[in-house]
Amino acid sequence: MYSQTLRNLASVLLIISLGLGLAACGKKITRVDQNAVTDISGKWNDTDSRLVSEEMIQDVLSRPWLNRFTSKHKKPPTVIVGKVRNLSHEHINTRTFVADIERALINSGTVDFVASSTERKEIREERKDMDLNATEATRKAAGAEIGADYMLKGTINTIVDAASGEQARFYQIDLTLIDLANNRKTWVGQKKIKKTIEKGGLRW
Amino acid sequence: MKSGLNTLMYKFCLLLLVSLFMSGCATYGQKAGSTRDNLLAGQVGIALAAVEAEDKDQEEVLASMNKGVLRRMVGDYSGSNQVLEVAKQQIEDLYGISITDQLGAVTVNDTLRAYTGDRYEQVLLHAYMAMNYIQMDDLDAARVEILQADVKMQEWGEAPEEDPFVRYFSGMIYEALGESDQAVVAYRRASEIYKATVDKQSLAVPQVLKADLLRGLANEGLWDEYKRLKKDFGMKNFKPTKLGNGFGEVIVILHNGLAPVRSSNTIATASGADVVDLVKIALPVYLNSPRQLYKARLVANGKSVNLETVENIDSLARSALDSDMPAITARAIARAIIKHTTQKEAQEQGGSLAGFLMTITNIVTEQADTRSWSTLPQEIQLARLVLPKGTQNVQIEMFNGAGVLVDTISQSVNVQSGERSFISEHWTSPNMVMTVTAGK
C-alpha cells in the first residue's frame, strides 16, 4: 500500500518534472528596453554599469575643476583613460561604463579625450605605414600628438557578507581624475550599489 | 525440489543478464580509471582526447572539471578556464536540494543526483582557475577567483570547512600584487586552518608557510606576534628577507600524482528463498591505499630546496567519502527496502515473471555513486626560492622511492627585482607525452 502511494507520487513528480524540462527546452527570446532592470543571477550586470556611468557623468560635468581649467587655459581639458582596476570578487567588464563616460564627456564638448595607450600603438603603426604609402599632401607626421592634461583611473571594490544561502553584496566604484602635471587629484567620483541575494534551498 | 531448481535457474539467468547489462554501461569510476591509467603512463594527450570526446555540450559538472585540469596539463589555460567557468556556473545553478534528485536516489540509485562536487572540490575549482589566470599573466583576475572562493568558504562557516591551501595560495596572490597586509591575514588564517583540519589532511603547518607568515609579520611591523610565533614555530634562526635590490622570488607549485578513484562495493543479500527476495546494495569505496609519491626538489642558480606538501587531496577525498558514508548508507538501505517491496508486489500482482523482471531491473539499476574529481593531483606541493633578477633556469627534479632521479622538469623564468613569478606544473609520470601521436 505504502509503496503504491510512493510510486504514484513518483510518477506525478516525473510528469511534472518532464513538463518543466520541456518548457525549458524551447528557446524563447524577448526584446526588452535597454533601461529595463534585469536582475538574473545577482551578479554585476548592465544595470549596474549604467547606474555607475550615469552617476559619474553627471558628477564629473557639474564639478568646478572643469570651469577652472577652461578659464585658465582657454581650451577644454584633454583626458586619457587609464586603468580601472577590478578588485572585486567578480569578473567585471569595466570598459562598458568607461566608454559611456568617455562618450558623454566628448559629446558635451567640454572635455577632449586622447587615445589610450593600446589604441595609440595601432594608430602609430598606421602613421608609419602612411610614411611609405600615402601621398605627401595627406601624410600625417609623427610628433604632433596632443599630450593629455588628466588621466582617469579607478577601482571597483566589493564587500560580500554571506551565510547559508544569503548574501549581501556591496559594490563601491571610485573614479579619479589625476592631473598629469603634478599628480593632483582634481575630481573623485564614487558610486555605491548594494544588493541582497537569497538562494532557494529547494529545487526540482 | 522442482521449485528449488527453478529458483536456481532463475538466479542463474538473473546473474547472466545482470552481467550482460552491466558491461554495457560503464560507471564513472571505470571511465575515470582508464583516464588515470593513461595519465600514470604519461599519455596526457590520449587522456585529454578521450575526455574531450564526452559531454561535448558541457552539461555535466564533473566532465567539465576533468576537462579543465587536462587542458591545463597541456598548457591550454584559456580553454581550461572556459570549461571550468561553465562548471562553476552550473554548480551555482544547482544550489539547493533537488526534490527529483532525492526521489531518484532513494528509488533508483545515487548517481541520479546531480553532481556538484564536494566542498574541497568546489574551492579547488576557484584555485585552479586562479592558477590559469596567473599563467595567462592576469593577476587581477586570479584575485577575483580567490575572492569567490573566500565567499564560498564564508557561506559554509568556520574551519574545518575552509581549505588551508586555498587561503595560503590567496596570500601568495596578494603578496604578488603588493598587498602585503592582506597577505599576512591570509597566511595567518591558513596556518590556523592547517591546525584545525589536521584530522582531514594529516598535514602540519608547512615550514614554507611558517617562514612566509613570519616574513609578512616582520614587513608589517607586527613584532609582538612575530616574536611569539617565532618561538612557537621553534624557528630561532629565522631572518626575514625583503625582496628588491636585484632579487625576486619564484614560487613553484607542483601538482604531483593523481587523486584516488572510487570503486563500487556490491553486497547482494537474499532475505528469503524466493528470487524476489534478492536485493543488491552498491556502495562507493576507495579500494587502494594512497600511492607512494615521487619526491620533488627545486634546483635553481646553485640552490636547491625540497618541495613541501601543502594540500593532501588524496586524504581530503577519503575523508569526504567517510563523512558522507552515513547518508549514503541510509539512502542505500531505504532504496533496498523500497526495491524489495516493489519486487514482492510485482510478483503478487503480475506473477513470478513480473517479480523476476522487477528484480532484474532493480539489480541492474543499483549502482554506487563513484563520482569524484579524479584528475586532481594526489598532493599539491610547494617551494619558494629567492633568485637574482634576469632569466633563470629553474628545474624540478623528481625522485622515485629508491631516491633515483627519474625526471626533470625545466622551465626558464624571467625574475624581476622585487617581483614574484609563479611556476605551476602537473606531473603524473616519468614519461609525460602531451600530444596524441598520429594514428592513435
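This is a predicted model: local features need pLDDT of at least 70, side-chain atom pairs count only at pLDDT 80 or more; totals for chains, interfaces and linings use all residues.
Q: How are the axes of helix H4 and helix H7 of chain B arranged: roughly parallel or roughly antiparallel?
A: In chain B, the axes of helix H4 (residues 61–73) and helix H7 (residues 119–135) come within 11 Å and cross at roughly 30°. Angles under 35 degrees count as roughly parallel, and therefore the arrangement of H4(B) relative to H7(B) is roughly parallel.

Q: Is the crossing of H4(B) and H7(B) left-handed or right-handed?
A: The two axes cross at roughly 30° and come within 11 Å of each other. As for the hand of this crossing of H4(B) and H7(B), it is left-handed.

Q: Which residues of H7(B) make the contact with H4(B)?
A: From H4(B), the contact draws on B:Met65, B:Gly68, B:Val69 and B:Arg72. By class, the residues of the contact between H4(B) and H7(B) are four nonpolar, two polar and one charged. On the side of H7(B), the residues that make the contact are B:Leu125, B:Tyr128 and B:Asn132.

Q: Which element gives the most to the side of chain A that touches chain B?
A: The contact between the chains involves 21 residues of chain A and 20 residues of chain B. On the side of chain A, at least two residues each are supplied by helix H1 (2–25), strand S1 (78–87), strand S3 (150–163) and strand S6 (202–203). By class, the residues on this side of chain A are eight nonpolar, nine polar and four charged. The element that gives the most, with five residues, is H1(A).

Q: Which residue of S1(B) is the bridge partner of A:Arg203?
A: Strand S6(A) is joined by two bridges to strand S1 (residues 97–98) of chain B, and the two strands run parallel. Within S1(B), the bridge partner of A:Arg203 is B:Ser98.

Q: Is A:Asn183 buried or exposed?
A: A:Asn183 lies in the loop between strand S4 (166–179) and strand S5 (185–198) of chain A, and its phi, near 65°, is a positive value in a residue other than glycine. Around A:Asn183 there are 8 other C-beta atoms within 10 Å. A residue with 12 or fewer such atoms counts as exposed, so A:Asn183 is exposed.

Q: What value is phi of B:Asn245 near?
A: B:Asn245 is placed in the loop between helix H13 (223–232) and strand S2 (247–256) of chain B. With 9 other C-beta atoms within 10 Å, B:Asn245 is exposed. Its phi is positive, in a residue other than glycine, and is near 55°.

Notes
Residues are numbered from 1 along each chain as its sequence is written. Chains are lettered from A and ligands numbered from 1 in the order in which they are written. Axes are lines fitted to C-alpha atoms, for helices over the stretch in contact, and angles run from 0 to 180 degrees between N-to-C directions. Helices (H or I, at least four residues) and strands (E, at least two) are DSSP runs, numbered from the N terminus. Angles under 35 degrees count as roughly parallel, over 145 as roughly antiparallel, 65 to 115 as roughly perpendicular and the rest as oblique. A crossing is left-handed if the near helix is turned anticlockwise from the far one by less than a right angle, and right-handed if clockwise. Two residues are in contact if their C-beta atoms, placed from the backbone, lie within 7 Å. Ala, Val, Leu, Ile, Met, Phe, Trp, Tyr, Cys and Pro count as nonpolar, Asp, Glu, Lys and Arg as charged, and the others, Gly among them, as polar. Two strands pair if DSSP finds at least two bridges between them. A residue is buried if 20 or more other C-beta atoms lie within 10 Å of its own, exposed if 12 or fewer, and partly exposed in between; C-beta atoms are placed from the backbone.
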